[in-house]
Structure formats: C-alpha cells, structure tokens
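Biologist: Could you walk me through this one? I'd like to start with the charged side chains and then move on to a helix.

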Amino acid sequence: MRISEFLSPQAVVADLRARDKQGILRELSEALVRAHPSLKGDRLVEVLREREKLGSTGIGEGVAIPHGKLPGLTQLVAAFGVSRPGVDFEAIDGKPTHLFFALVAPENSAGVHLKALARISRLFKNPRFRASILEASSLEDIHALIVQEDSRP
C-alpha cells in the first residue's frame, strides 16, 4: 500500500490557518471534500471529532493522525496539512503539533485502516523528513515529498 493511493494533491494544505484542534479538523475535512466532492464536510468533522474524544491522535514529535471510519465510504481517503506555528493538539509529548495527516476509512475496513495508520506513522518517525515537509512551501512540493519518502524501501 502506498500513500499516493489515498492522498491526492488536492487534499494537501500547505498552510493551515486554524489555531485549535477543532479548526484543524474542519480544515482537513474541507481538504477532503475538495479532493472528493461527494463527501460531506460536516460528517467528516463529526467522525474525526468522535475519534478525538477517545484520546488525542497527536502521536508526538509534532505529528497527529486524526482518523475515523465513515459508513458508506467506498475507499480510504486522506488529507494532509501543515501548521508552521503549531497547534495544541493534546499530543502525548505535550508539544505543539505541526503536521496533520487525516485518514478516513470505510466502516468495515479494519485491515486497510490499520495498515495505512502504520505506514503513515512509520513515515513520519523520520526527523529529516518532518523537517523537509516544514520547509516546503507549496502543496505540490509537500505532496511530492510524501510520495518520494513513501516510495523508499
């Protein structure tokens, strides 16, 4: 499984404007709707918020992977956004979060969902990669960096 299979350039936000968790979830949901117009933004926000109520998806080192499952969805979809100033996302390390990878999966897709979460988590463990994303200025550059890093063995 490659991230390019479920993250399109239209779903990348090079400069998130929100300064709180709820705003970030809304912006990421809007990016998902841009890439997949049949989706409903309010429903996506609700799915991501429900998961956050169970515990923050801020995995530390400036990274969060908000995720959830959406009934009726036929394929895995994702959005990615960068907040250069950082946001308090209640991450496990207590540090501000800068990189957000939202993942929404079909309701009955536990295997695919977990594989995608593991892939994203592994990718963003690399500090040089995280730094290169923060230095990139356009959504095209950010998407290209993610695809390039994901293609490494």
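Predicted model: local features only at pLDDT ≥ 70, side-chain atom pairs only at ≥ 80, totals over all residues.

Biologist: OK, and which residue does Glu90 form a salt bridge with?

Modeller: Its partner is Lys21, and the closest N and O atoms of the two are 3.2 Å apart. The pair links distant parts of the chain, 69 residues apart, with Glu90 in the loop between strand 5 (77–87) and strand 6 (97–106) and Lys21 in helix 1. Helices (H or I, at least four residues) and strands (E, at least two) are DSSP runs, numbered from the N terminus.

Biologist: Is Lys21 buried or exposed?

Modeller: Lys21 counts as buried because its relative accessibility is 10%, whereas Glu90 is exposed at 54%. The cut-offs are under 20% relative accessible area for buried, over 50% for exposed and partly exposed in between, with a 1.4 Å probe and protein chains only.

Biologist: How many salt bridges does the structure hold?

Modeller: The structure holds 9 salt bridges. One of them joins the side chains of Glu27 and Arg17, at 3.8 Å from N to O. That pair also links distant parts of the chain, since Glu27 sits in helix 1 (residues 21–35) and Arg17 in the loop between strand 1 (12–13) and helix 1, 10 residues apart. Glu27 is buried at 8% relative accessibility, and Arg17 is exposed at 61%.

Biologist: What about Glu50 and Lys53, where do they lie?

Modeller: Both are in helix 2 (residues 41–54), 3 residues apart, which is about one turn of the helix. Glu50 is partly exposed, with a relative accessible area of 42%, and Lys53 is exposed, with 64%. Salt bridges that share partners also join Lys21, Glu52 and Glu90 into one network.

Biologist: Switching to Arg84, what does it touch?

Modeller: Leaving aside residues up to four places away in sequence, Arg84 touches Ala14, His98, Ile133, Leu134, Ala136 and Ser137, where a contact means heavy atoms within 4.5 Å. Arg84 is found in strand 5 and counts as partly exposed at 31% relative accessibility. A polar atom of the Arg84 side chain lies 2.8 Å from the backbone oxygen of Ala14.

Biologist: Now the helix: which residues are buried in helix 4?

Modeller: In helix 4 (residues 127–135), the buried residues are Phe129, Arg130 and Ile133. They lie on the same side of helix 4 because they cover an arc of only 100° around the axis, the arc being that of the directions from the helix axis to the C-beta atoms. The face turned away from that buried side carries the exposed residues Pro127, Arg128 and Glu135.

Biologist: And what covers the buried residues of helix 4?

Modeller: The cover includes strand 3 (63–64), strand 5, strand 6, helix 3 (110–123) and helix 5 (139–150). At the N-terminal end, Asn126 caps helix 4, with a side-chain oxygen 2.9 Å from the backbone nitrogen of Arg128.

How values were computed:
Residues numbered from 1 in each chain as written. Heavy atoms only, no water. Salt bridge = Lys/Arg side-chain N within 4 Å of Asp/Glu carboxyl O. Polar contact = N/O pair within 3.5 Å; in protein donor to acceptor, adjacent residues only side chain to side chain.
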